[in-house]
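Dear colleague,

I am passing on the structure below, together with some notes on what I found in it. Please read the notes with the coordinates open beside them.

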Amino acid sequence: MPVELICKAHIPKVLFCLYTTAMITSAPRLAILTVAALSSSLMSSTAFSNTFSQLSLSASEEGNITRSLDSAGELNSQIFRVEYTHGKLVQLNVDNSLTLSGLVSASKYDDFEGFDQLRWGGSLSYIHKSGFGPYAPKLGFDLSFSHSELEGDARDNNLVTASFSYQKRISAAWLFNGGVEHQISRADSLPADPNTLALIYDDPSQRQPGEIYDFEATTLFTTLEYAFENGVLLSADYRYTDGVIISTTKHPTLHLYKISEAVYSDSAFSEGWYAYQIEANTSAWSLGASLPTGTDSSINISYSLYNIDGSEHSNYENDIVAVSFVHNF
Amino acid sequence: MAISFSSHSFAQTLSVKLADSDGNDLADVVIELFGPENVSLENIETNDVEIDQVDKEFVPGITLITAGSRIRFPNSDDILHHVYSFSSVKTFDTPLYGMADESQPAVSFDMPGVVEIGCNIHDWMLAYIYVGESDKMAISDDSGVATIQNLQAGDYRLKVWHSRLSADENTMTQSITISETQDTEVSLSLELIRDRRIRRAPSANRKRYR
């Protein structure tokens, strides 16, 4: 689809026209270059910058890691994750700041080693504060890049995310945050998959690409936080995504193949499983509680529910319960 | 900390023992005495002090000065801070400045009252400046005791302020008599509103540096 049509097709995406135009051909590479160039100039400006590190340890239970349509195919897993972020904040002037950070993350899936993954990336955040004091609204722009490496190549991906956000503290207790986010994911080119070709009786006219992680998605998000006097923080989060879902099935059909944007043998599972991508709108609801364990650390508990409305009335559900410990160094 | 600038040689002492409604010792309560001989504002000695910024907090959290005093805000962190106040007693903001920047002029506080200061970069940073209009003031220590010495015997008005005191302008007053023959000890129980400050700790939602 031409860039101009993408921009006109969805109003939220208009905000990202310029960004999309630049990214559409080589998004991950351009994002890396952008972050690298800015990081070089930022890292050299050591005066009045603040270096920080953050360690996050989390354990979660995901109810439907296959994103299966029916309960028979739903598989749940415990996931353990270690994530380390290191970065630098540069206060440009009274109103504006830049934060550059890099992260590495390792995830371990119980029973499903094919999902075990390493992720690394970087992000650049610009924050503009409109006025003095804690109640002045903040406008933010974030540009981030990450690479995920899993067993096999089908689920490896490079992800670029750009977001605009608006944050307003309503009181010492209440904080509102909302915005729009656009993602571009690119997968490495994959060789032809004989298993998926067999599904369509090797009819080249019906052949779908195999790169299931080639997609774009736009998300509107909003978060409301409430802090108690003792520092316990409750949060409610809603995200609506116009994008895709990447699902897995052991029982592929020609119909499923035809409504898919991409299909490939799923390297995260044993032989006979197929990963496919279809267009979908996702509503995600999250409730969380954060208990401070000091000025620099907290324990966090959250529950997230995903309702995914895919093409041709294919509807998915997923939920995630997570507990994490976050510490700033 | 106590400030008393009486030029007379009086020897009586007032000790005020402060506690919250649960009986816990209460630090950082300001007491101020008025009468029977008040010194006019222009005749009260001023005191120039500093409020430092250490590990993204103001130190000390409460500062007691007399009207006309000046305060410097050095920055001991290796990052930038931006001190401001919206308080009607004194509205000001410093430029953005870093460690060892000695060019920042001291800020003068000419009107009595309470000034709440913050840092525009680190929203949780908060401190109070109590600008007194009397020459007889003190702040309670960790044991909840505030002491003013060299008092003349007589009837006084005792003003008590705490940032969380449940009263108009966080202030209460009461009459008190200083004895001619012995030191005066007073115990006060204060009802406090709960502390509601902007949270500093990170959360899973906000992993960005704060």
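**Notes on the two chains**

Chain A has six helices and 13 strands, where helices (H or I, at least four residues) and strands (E, at least two) are DSSP runs numbered from the N terminus. This is a predicted model, in which local features need pLDDT of at least 70 and side-chain atom pairs count only at pLDDT 80 or more, while totals for chains, interfaces and linings use all residues. Residues are numbered from 1 along each chain as its sequence is written, and chains are lettered from A and ligands numbered from 1 in the order in which they are written.

Of the 329 residues in chain A, 31% are buried; a residue is buried if 20 or more other C-beta atoms lie within 10 Å of its own, exposed if 12 or fewer, and partly exposed in between, with C-beta atoms placed from the backbone. Among contacts in chain A between residues at least 6 apart in sequence, 60% join residues at least 24 apart, two residues being in contact if their C-beta atoms, placed from the backbone, lie within 7 Å.

Between the chains, the contact takes 36 residues from chain A and 27 residues from chain B. The side of chain B that touches chain A is made up of 11 nonpolar, six polar and 10 charged residues; here Ala, Val, Leu, Ile, Met, Phe, Trp, Tyr, Cys and Pro count as nonpolar, Asp, Glu, Lys and Arg as charged, and the others, Gly among them, as polar.

Chain B is assigned domain 1 (1-39 + 135-191) and domain 2 (46-133), with bounds that come from an automatic or database domain assignment. The C-alpha centres of domain 1 and domain 2 of chain B lie 25 Å apart, and nine residues of domain 1 of chain B are in contact with eight residues of domain 2 of chain B. On the side of domain 1 of chain B that touches domain 2 of chain B, strand S3 (30-34) and strand S14 (136-139) of chain B each supply at least two residues, and the residues of that side divide into six nonpolar, one polar and two charged.

The largest nonpolar core has 37 residues, and those with the most contacts inside it are B:Val29, B:Val30, B:Ile31, B:Ile129 and B:Tyr130; such a core is a set of buried Ala, Val, Leu, Ile, Met, Phe, Trp, Tyr and Cys residues joined through C-beta atoms within 7 Å. Strand S13 (residues 126-132) of chain B gives the largest share of this core, five residues, and the core draws at least three residues from each of domain 1 (1-39 + 135-191) and domain 2 (46-133) of chain B. Apart from it lies another core, of 21 residues, among them A:Ile212, A:Val263, A:Tyr276 and A:Tyr316. Leaving aside neighbours within four places in sequence, B:Ile31 is in contact with B:Val16, B:Met137, B:Ala138, B:Ala146, B:Leu158 and B:Val160.

Turning to the sheets, an open sheet of three strands in chain B has the order S15-S2-S18, with mixed pairing, where two strands pair if DSSP finds at least two bridges between them. Its edge strands are strand S15 (145-151) and strand S18 (184-190) of chain B, each of which pairs on one side only. Strand S2 (residues 12-20) of chain B is joined to S18(B) by seven bridges, and these two run parallel; B:Leu14 stands opposite B:Thr184 in S18(B), and B:Val16 has B:Val186 as its bridge partner there. Five bridges join S2(B) to S15(B), which run antiparallel, and B:Lys17 stands opposite B:Val145 in S15(B).

Most residues other than glycine have a negative phi, and most peptide bonds are trans. A cis peptide bond, with omega about 0°, joins B:Val59 and B:Pro60, and B:Pro60 has its place in the loop between strand S6 (57-59) and strand S7 (62-66) of chain B. B:Lys56, although not a glycine, has a positive phi of about 60°; B:Lys56 is found in the loop between strand S5 (52-54) and S6 of chain B, and with 17 C-beta neighbours inside 10 Å it counts as partly exposed. A:Asp111 has a positive phi near 75°, is found in the loop between strand S3 (96-109) and strand S4 (117-129) of chain A, and is exposed, with 10 other C-beta atoms within 10 Å.

With best wishes
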